[in-house]
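Subject: Handover of a structure, with findings

Dear colleague,

Please find below the structure that I am handing over to you. I would be grateful if you would look through it alongside the notes that come after it.

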Amino acid sequence: MPPKEKSKPKEKASYGAPGKRGKKVKKDPNAPKRPPSGFFVFCAEQRPKIKAQHPSFGIGDVAKKLGEMWNNLTDSNKQPYLAKAKKLKEKYQKDVADYKSGKGKPSGAGASKSKKADDDDDEEEEDEDDDENEDEDD
């Protein structure tokens with residue numbers, strides 16, 4: 001058996017100091033989420049139907065079926081999904097502009113006080129729900 005030839009190491013492009021990586025920038029949890037594409041709008045609508053028709057399908061099988069269905073749609077049938085995606089994208093761009101201008105960012109103590117007030121309201125609603133549930137149990 002002939003000995004294996006060692007391949008020569010390929011030259012790497014130098015992008016900076018070797019072995020050093022930049023720090024990963026953490027995403028702001030208050031930043032608006034990116035909007036779904038037309039395909040994902042379609043998937044969100046069709047996924048429950050496919051799961052109902054084929055309950056034995058796994059995640060990959062459902063995704064494969066959704067992809068086939070999307071590819072088989074005509075452009076005119078795709079338009080409602082693409083239009084909805086376009087509206088969501090416009091809303092997202094507006095939200096990003098508001099966020100970057102400072103509306104979306106928490107601004108000191110004022111924001112935390114309003115958040116606290118909202119939390120108190122939620123707790124009161126939960127307490128009312130609990131009272132109703134207790135009555136049903138009796």
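The notes below go from the overall fold to the aromatic rings, and then to the charged side chains.

Please bear in mind throughout that this is a predicted model.

Overall fold

The protein chain holds four helices and zero strands. Read from the N terminus, its elements follow the order α-α-α-α. The chain has 138 residues, of which 11% count as buried.

Aromatic rings

Five aromatic pairs were found in the model. One of them joins Phe42 and Tyr81, whose ring centres are 5.2 Å apart and whose planes stand at 85 degrees, an edge-to-face arrangement. Phe42 belongs to helix α1 and Tyr81 to helix α3 (residues 75–101), so this pair ties together parts of the chain that are 39 residues apart in sequence. Both Phe42 and Tyr81 are buried.

Another pair is made by Trp70 and Tyr81: the ring centres are 6.3 Å apart and the planes meet at 65 degrees, so this pair is edge-to-face. Here Trp70 lies in helix α2 (residues 59–72) and Tyr81 in helix α3, so the pair ties together parts that are eleven residues apart in sequence. Trp70 is buried, as is Tyr81.

Tyr81 deserves a separate word. This residue, in helix α3, has a relative accessible area of 12% and is therefore buried, the limit being under 20%. The C-alpha atoms of Tyr81 and Phe42 are 5.9 Å apart in space, although the two residues are 39 apart in sequence. Through ring pairs, Tyr81 is linked with Phe39, Phe40, Phe42 and Trp70 into a cluster.

Salt bridges

Side chains of opposite charge can pair when their charged atoms come close. In this model the count of salt bridges comes to two.

Asp95 has a relative accessibility of 25% and counts as partly exposed. Lys91, at 48%, also counts as partly exposed, because the exposed class begins over 50%.

The other salt bridge joins Lys94 and Asp98, and their closest N and O atoms are 3.5 Å apart. Lys94 and Asp98 are likewise four residues apart in helix α3, so they too are separated by about one helical turn. With 54% relative accessibility, Lys94 counts as exposed, whereas Asp98 is partly exposed at 22%.

Positive patch

On the surface, Lys24, Lys27, Arg34 and Lys89 gather in a patch of positive charge. Among them, Lys27 is found in the segment before helix α1, which spans residues 38–53. The relative accessibility of Lys27 is 80%, so this residue counts as exposed.

To look at these points in the model, you might begin with Tyr81, which is part of the aromatic cluster, and then turn to the two salt bridges.

With kind regards

Note on methods. Residues numbered from 1 in each chain as written. Predicted model: local features only at pLDDT ≥ 70, side-chain atom pairs only at ≥ 80, totals over all residues. Heavy atoms only, no water. Patch = residues over 30% accessible without salt bridge, like charges linked within 9 Å, V, L, I, M, F, W, Y side chains within 5 Å. Areas by Shrake-Rupley, 256 points an atom, 1.4 Å probe, with all protein chains shown as cover. Salt bridge = Lys/Arg side-chain N within 4 Å of Asp/Glu carboxyl O. Lys, Arg positive; Asp, Glu negative; His and termini not counted. Charge placed at Lys NZ, Arg CZ, Asp CG, Glu CD. Helix = DSSP H or I, 4+ residues; strand = E, 2+ residues; numbered from the N terminus. Buried < 20%, exposed > 50% of the residue type's maximum accessible area, 1.4 Å probe, protein only. Phe/Tyr/Trp six-rings, centres within 6.5 Å; stacked < 30°, edge-to-face > 60°.
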